[in-house]
Amino acid sequence: MKSRKLMALLLGVSLTIGTLAGCGGSEKETGKTTEQAATKASDKGQEGSGETKTPDGTEEVSQNSGQEAEALDYEGVTLSVVLAQGWDTPGREALFQKYTDKTGVQFDVQMLPDDMASELIKTKFATEELPDIILNSGSVIEHTYMLPEERLADLTGEAWTEQLISKDSFMVDGKIWGIPLGGQGFFAFAVNKKVFADNGLDIPTSKEELEQCFETLKKNGVQPMYLASKDPWVVGNMTSGGIQKALDKDSQLIDKLNKNEVKYQDIPGMIEVFEDLRRWNEAGYLGDNTMADSWDGEYQAFGENKCGVTIGLTTWDVTMEEKYPGSAENMELIPFYIGDSDTYFAGTTAQWYIPKSGKHVDIVKDFFNFAAEQENLNAFYGAMGEASTPWKDVEVDCLAPTRQLIEKLNSGEYSYHFGHNSLVQGQDFDGLCKLAQEVLIGNKTAQEGVKEYDQMRSQIAKALGLSGF
């Protein structure tokens, strides 16, 4: 597999293949030497950075270069936090509790359902009804409506930014707006090795082989694939690599899409992935009623060996192992063999943002500095079991499925793609997901679905003032 040039400047989320060796397990590949954060928060939070007003009324960040900041008043403080359920991680509660134990600060968490989170977060930014901390993706789409210059605290000068492996990769318009407390997760097709072995099947290495396995499983009375189509975002994620082959051939494709010189309907891979969704469902590969299958239901379907393949990702194996001990050894993560894709899907890194309108901006900054202390980063990512992190000197023990995926990436056996909706402007991911569902159940053809999404993009692009629309 040819190596791929990553679009770090577009994403603000990318980690190069060379940084993926942080995944440990039975074999440790990284050194044990770690460095403490360049500046630790003191027991009283005296090194948290503050903000002062410049003569023109704008906020200027104070970075305590050798001088102690005024002690923060933690008494009676409760920080409001908003995040999607899918963004939550096993180490989050422990990190909050540790900060509470140190400072007395409490956290009031509003957990949003995944199927509504995107729209609810957009609404909060539109109405400026924002909490002290909000978790969101760091892609260009989210920055479009978050309007960081107007609504978010600038974190560029914070001490913890020096601990990032690639500080520039997290900048948008030359500034860092969020702390990336998440990993570089990779989505994949999760193969149930027991189900495959029981049916005399080898692990597929192409879409053609995968579909042959689907046909055998169907004939043997086993649901070939559990897609969780009830959750729109899962179906939408299937389209993530729809432009990748075309992008491999034309390095200017993103620019052409952003200038309306090329449309999604002009890209064969995008049409093909929509068509595969419809065709797989029509063939019965997705079960009797895929629209009733949910993301939460995947655990049982896989753990009780009721399907051959489902959608997995790095860290999902950790949750599976907790729910169904032994399931991690029964799992192999293979690329997204759908459309013309043959690569893993690299998701965007979750970032934690500080709205300027929050009541406790300085205390949230203090909490971020606390979170970035090496001991706390190690504990946070250790609980998560993520494949890789954006932080220096953080080593994670991974389970076998994730470790094997990273080994395949590092060896060059496989590569990965970023979702087209993270690369191309004018996106409405929720609209895309719903259109993909409509095509899947046969209400629209693949061509109709993609053409309609081009129309959605055009309207958004016009509103954004993009040239060519």
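I looked up Ser-137 first: its bridge partner in β12 is Ala-350. The model is predicted, so I kept the record's limits: local features need pLDDT of at least 70, side-chain atom pairs count only at pLDDT 80 or more, and totals for chains, interfaces and linings use all residues. Numbering starts from 1 along each chain as its sequence is written, and side-chain values use heavy atoms, with hydrogens and water left out.

**Sheet.** I followed β5 (residues 133-137) and found it antiparallel to β12 (residues 350-353), over four bridges. Two strands pair if DSSP finds at least two bridges between them. Strands (E, at least two residues) and helices (H or I, at least four) are DSSP runs, numbered from the N terminus. The open sheet has five strands in the order β4-β3-β5-β12-β6, with mixed pairing. Its edge strands, β4 (106-112) and β6 (178-179), each pair on one side only. Helix α2 (residues 92-103) packs on the sheet and touches β3 (78-84), β4 and β12. Its direction makes about 160° with that of β4. I also noted α14 (residues 361-371), which lies across β3, β4, β5, β6 and β12 at about 55° to β5. Contact means heavy atoms within 4.5 Å. Axes are lines fitted to C-alpha atoms, for helices over the stretch in contact, and angles run from 0 to 180 degrees between N-to-C directions.

**Helix α12.** I checked residues 295-303 and found Trp-295, Gly-297, Glu-298, Tyr-299, Ala-301 and Phe-302 buried. Buried means under 20% relative accessible area, with a 1.4 Å probe and protein chains only. These residues pack against several elements, including β7 (186-192), β9 (307-313) and α13 (316-323). Just after α12, Asn-305 has a positive phi of about 55°.

**Cores.** I looked for the largest nonpolar core and got 75 residues, with Phe-189 and Ile-311 touching the most other members. Such a core is a set of buried Ala, Val, Leu, Ile, Met, Phe, Trp, Tyr and Cys residues joined through side-chain atoms within 4.5 Å. Helix α18 (residues 429-440) gives the largest share, seven residues. A second, separate core has 39 residues, among them Tyr-99 and Trp-391.

Thr-402 sits in α16 (residues 400-411). Its relative accessible area is 0%. I found a 2.8 Å polar contact between the side chains of Thr-402 and Asp-317. A polar contact is a pair of N or O atoms within 3.5 Å; within protein, one must be able to donate a hydrogen and the other to accept it, and residues adjacent in sequence count only if both atoms are side-chain atoms. I searched the whole structure for disulfides and found zero, taking a pair of cysteine sulfur atoms within 2.5 Å as the test. Cys-307 is buried at 0%.

Notes. Buried < 20%, exposed > 50% of the residue type's maximum accessible area, 1.4 Å probe, protein only.
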